[in-house]
Amino acid sequence: MKKMQVLQGLIDSGVIAVIRAESEEQAVKISTACFDGGIKGIELTFTVPGAADVIKTLSGNFGGEMLVGAGTVLDSETARAAILSGAAYIVSPGFDAETARLCNRYQTPYLPGCLTITEIVRAMESGVDIVKLFPGTAFGPDYVKAIRGPLPHANIMPTGGVNLGNIDQWIKAGCVAVGAGSDLTAPAKTGDYDGVTKLAKQFVAKVKDARGGIGE
């Protein structure tokens, strides 16, 4: 899938599910539950055992319908392994110049974690199209508004602290999408994958409503 198609697909989805699990099987089940709830963007973290194999499985099962990315990628070596396994995009907790160069080489979107204006500008100068504001809990939606004053062209996706109670505030602040982890996938801890699907539907609906209310 071409880079711009992936980026647009993530923005259209509005929510990227951050998947952490204790096994490959659990990771596949959580990802599928999120997808069934309408979330097309799945970030499979490399803290999951056999993460590369899970990416291969999900990419094979869903093709281009599910946008499967690799998360918690700390270096270019891991990024390359993820891309060769079928990852459509790479997500990191922090910015890494070598990973940015590698992703550019493979025409793969790179979403690094940034927090300060300096970090965001540096990432954008390295070809980053969407910046992951991480951890989102550190500041909140008002911080995004402040960033978009001097950087109105920055595409920002917060991860960490995004939940059903504030997701609309993030979107209305100007975020192109949000990353949701434990607040979305918590029911999976007890094997309640239907509960994950139910939450996924609510997250997607909240984003849709918030986008319709921008400018009100």
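What follows is a chat about the labels used for this predicted model.

User: What should I know before we start?
Analyst: The model is predicted: local features need pLDDT of at least 70 and side-chain atom pairs count only at pLDDT 80 or more, while totals for chains, interfaces and linings use all residues. Residues are numbered from 1 along each chain as its sequence is written, and side-chain values use heavy atoms, with hydrogens and water left out.

User: Why is Ser-13 called buried?
Analyst: Its relative accessibility is 9%, and buried means under 20% relative accessible area (exposed is over 50%, partly exposed in between, with a 1.4 Å probe on protein chains only). Ser-13 sits in helix H1, residues 3-13; helices here are DSSP runs of H or I with at least four residues, strands are E runs of at least two, and both are numbered from the N terminus.

User: What makes the Ser-13 side chain and the backbone nitrogen of Lys-40 a polar contact?
Analyst: The side chain gets to that nitrogen at 3.2 Å, and the limit is 3.5 Å for a pair of N or O atoms (within protein, one must be able to donate a hydrogen and the other to accept it, and residues adjacent in sequence count only if both atoms are side-chain atoms). Leaving aside residues up to four places away in sequence, Ser-13 touches Ile-39, Lys-40 and Gly-41, where contact means heavy atoms within 4.5 Å.

User: How do you know that the buried residues of H1 line one face?
Analyst: The buried ones are Lys-3, Val-6, Leu-7, Gly-9, Leu-10 and Ser-13. Seen down the axis of H1, they fall within an arc of 160 degrees, so they line one face of the helix; the arc is taken from the directions between the helix axis and the C-beta atoms. They pack against S1, S2, strand S3 (67-71), H5 and S5. The face turned away from that side carries Met-4 and Asp-12, both exposed. Just after H1, Gly-14 has a positive phi of about 85 degrees.

User: Why is strand S1 called mostly covered?
Analyst: In S1 (residues 15-19), 5 of its 5 residues are buried. Val-15, Ala-17 and Ile-19 point one way, Ile-16 and Val-18 the other, and all are buried.

User: What makes S1 and S2 a pair?
Analyst: DSSP has to find at least two bridges between two strands, and 4 join S1 to S2 (residues 41-45), which run parallel. Ile-19 stands opposite Leu-44 in S2. The chain gets from S1 to S2 through helix H2 (residues 24-36), and this β-α-β crossover is right-handed: with the strands pointing away from the viewer, the path from the first strand over the helix to the second runs clockwise. S1 also pairs in parallel with S8 (residues 178-180) through 3 bridges, with Ala-17 opposite Ala-180.

User: Which residues touch the most other members of the largest nonpolar core?
Analyst: Val-15, Ile-19, Cys-34, Leu-44, Ile-90 and Leu-184, out of 60 residues. Such a core is a set of buried Ala, Val, Leu, Ile, Met, Phe, Trp, Tyr and Cys residues joined through side-chain atoms within 4.5 Å. Helix H10 (residues 193-212) gives the largest share, 6 residues. A second, separate core of 13 residues includes Val-6, Leu-7, Val-91 and Val-176.

User: Why is Thr-108 called buried?
Analyst: Its relative accessibility is 6%, so it counts as buried. Thr-108 lies in the loop between H5 (97-105) and S5 (110-114), and its contacts include Ile-83, Tyr-89 and Cys-103.
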